[in-house]
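Colleague: Can you walk me through this model? I'd like to go over the sheets, then the other chain.

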Amino acid sequence: MEDPQWDVVIDAKESKGRSSFKDLWRYRDLLWLLVRRDFVSFYKQTILGPIWFLIQPIFTAAIYLFVFGNLAGLSSDGIPPPLFYISGITAWTYFSETLVKTSGVLRDNASIFGKVYFPRLIMPLSIIFSNLFRLGIQLMLIFIIMSYYLITSDLVIITPAIFLLPFVIIVIAVQSVGIGLFVSAITSKYRDLALLLGFGLQLLMFTSTVVYPLSGVGGIFKLIVAANPLSFAIELFRFSMFGKGTIPIEGLLYLCGITTTIFMLGLISFNRAEKTFVDTI
Amino acid sequence: MSVAIQINGISKAYQLGVINTGSFSSDLIRWWALKRGKEDPYLQIAEENDRSSLGSSNIVWSLKDVTFNILQGDSVGVMGRNGAGKSTLLKILSQVTHPTTGQIKIKGKVASLLEVGTGFHPELTGRDNIFLNGAILGMRKQEIKTKFDEIVAFSGVERYIDTPVKRYSSGMYVRLAFAVAAHLESDILIVDEVLAVGDVEFQKKCMGKMNQLGKSNGRTILFVSHNMAAIKSLCKQALFLEKGKVKSFGETGTIVNDYLSAYSVRQAGDGAIPCGSSLHGTGEARYTRFQICKNGNGCEDFFFGEKPSLLVHMEVYQHISDAVVGVHLVNIYGEKIMMMTPDKNYKSVMLEKGSYQFSIEIDEILMPGEYSFNLAVSKYNTGSDIDYLESVGTLRVLRDSIDHELDYPWATIHGFLKPQSIWDIKRI
């Protein structure tokens, strides 16, 4: 119940979250300053600076190209293998880094949260945006490699699906933050799940379409891979850029449904935990 | 005047001990009870927060049924011993944690400073950190921009403003951090003992700033401190918390007296100190008697110029090779004025098992006013206290000397001791 006479009402019985959109909007300057902090502190005292954002995906892609493309001979769905792997890695890195950082957001910032109140969701939001910045730089790399293939071959084509790209990125961000918020809420008192996270991430990666396309999987495994919320997201990510592959309409619906479910679950559990987590962290 | 903060029946329970499988099973029991619409079974057996005695429940009330109102423009000092619930109260008011029961209503914008420099990033420059810290405290970017020069000037670190703060000295760091906080626009300011940092000159600057905010700008201030003098000079009203409950709330002078008398040691007529008066100590020795004397007889009132003597008894239970025996003279705010030790060079003495009597002549003239004593005995090597008592005995020095020659004309005191000073006056 809103009482216009009071600006803040703290009620012990109130168990709902308290970060309203109005509050978040009021703290938008903080959001950008935090994103800037993350970006600046990442490459402080390095010679190569932001170039480091590119080195990691290039090297990982080279290794995957060798192991999965050359040795194992996995299909790349008609997409040039370098592009196939680097796009998979870029999407996966964005997902996993956002997830890992969000899942530790209460613990990592306990010293700040324990002293000052601001809408706690600002922190996970800043993680989304600072990782988005890296993603942007890595996408530029993909487009450079892509333009090479566009000029020299007809292996990739630009289709109107490219306009789906922002949507896919939002889907991946929302999924990772949803899971991350859920883990951070659960681990604010009992840290068991945090120990499971590293292993869980590996499982998530190899059961999604990071190193192989959905079309390359058969039988019961196809169901498992398709059920992984990330699989269709990565398929769609590649489809929107390279115009290769098909996305079934059921897949798209499943993607939207599961993403919303994950996000709501994460948001609700985070809002429940954030009020008293400083006592138990 | 309208109410700025209305606090109604606030309680906060904390769980002691470690969080593990055991606490998980009690979480399940609690969840099941709440699910069936019952009361939390663990809160019913929760105990008051008394550190020294071992309770049967591992849930304690850090705050219990705290109710009071703060009017707009009032400055309220919060006092209490360690663990009285001061910080918990501020944390709940700053929305850092949520109360277990009760309700708080606040009118106006709250700025809370439980710490200075929250969110400072060592790699960022002073300039960047001003913006980041300001935003964390709830300032808009535009607001910080307009006050930027003022903040830098207040902090006095102009020269280092574009250097990462990890290169700052700790003093500069604190100055910059406080400067940001001091320029925060708010209706209500909540301050924890952040002033206990920095050098004396800077502390004065901070107190001045707080005074200015409270008195001229009419802000509502809530201030937690152990420093009675700071509370007296800054706050009109005070709140005295004891074991999580409000002991008294009212005009600062009265509450400070309440606070000090609540913890002063009550002695028998012959000056015997009852067992259990110690605040802490290892128990290897114990002060058993303390008497202020004039000409060998117990006396509390002295004329100006008379030198009191003290009679102290101590029971030593086991051999202590490096005891530092110290008697502090304290003023009515509990501030130490001087320390007296048996050894002129503050060296330790050896104490054998048995009873000791110390007769102390105070060879100083005390200025008119009321005084008390702290009794301490500690180990020289480890620094650990063997016995420690605060506010033992009362000593009053009158404004008149016995022969009426030394007359102290002022109502307020000018210091506490009357040292010898030699003046040579010449017309030039």
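Modeller: Start with strand E4 (residues 75–79) and strand E8 (residues 220–224) of chain B, which pair in the parallel sense over 4 bridges. Strands are DSSP runs of E with at least two residues, helices are runs of H or I with at least four, and both are numbered from the N terminus. Two strands pair if DSSP finds at least two bridges between them.

Colleague: Which residue is the bridge partner of B:Ser75 in E8(B)?

Modeller: B:Ile221.

Colleague: Before we go on, what is the model and how is it numbered?

Modeller: This is a predicted model: local features need pLDDT of at least 70, side-chain atom pairs count only at pLDDT 80 or more, and totals for chains, interfaces and linings use all residues. Residues are numbered from 1 along each chain as its sequence is written, while chains are lettered from A and ligands numbered from 1 in the order in which they are written.

Colleague: What sheet do E4 and E8 of chain B sit in?

Modeller: An open one of 6 strands with mixed pairing, in the order E6-E7-E8-E4-E9-E10 (chain B). Its edge strands, E6 (110–113) and E10 (245–251) of chain B, each pair on one side only. From one strand to the next the twist averages 15°.

Colleague: Which strands does helix H3 of chain B touch?

Modeller: Helix H3 (residues 86–93) of chain B packs on the sheet and touches E4, E6, E7 (188–191), E8 and E9 (237–242) of chain B. Its direction makes about 145° with that of E8(B). Axes are lines fitted to C-alpha atoms, for helices over the stretch in contact, and angles run from 0 to 180 degrees between N-to-C directions. Contact is when the C-beta atoms of two residues, placed from the backbone, lie within 7 Å.

Colleague: And the sheet with E12, E11, E14 and E18 of chain B: parallel or antiparallel?

Modeller: Antiparallel; these 4 strands form an open sheet in the order E12-E11-E14-E18. E11 (residues 285–294) and E14 (residues 309–316) of chain B pair over 8 bridges, and B:Tyr287 stands opposite B:Met314 in E14(B).

Colleague: Switching to chain A, how many helices and strands?

Modeller: 13 helices and 1 strand. Chain A has a radius of gyration of 21 Å, close to the 19 Å that the globule rule gives for 281 residues, so it is as compact as a globular protein of that length. The radius is taken over C-alpha atoms, and the rule is 2.2 Å times the number of residues to the power 0.38.
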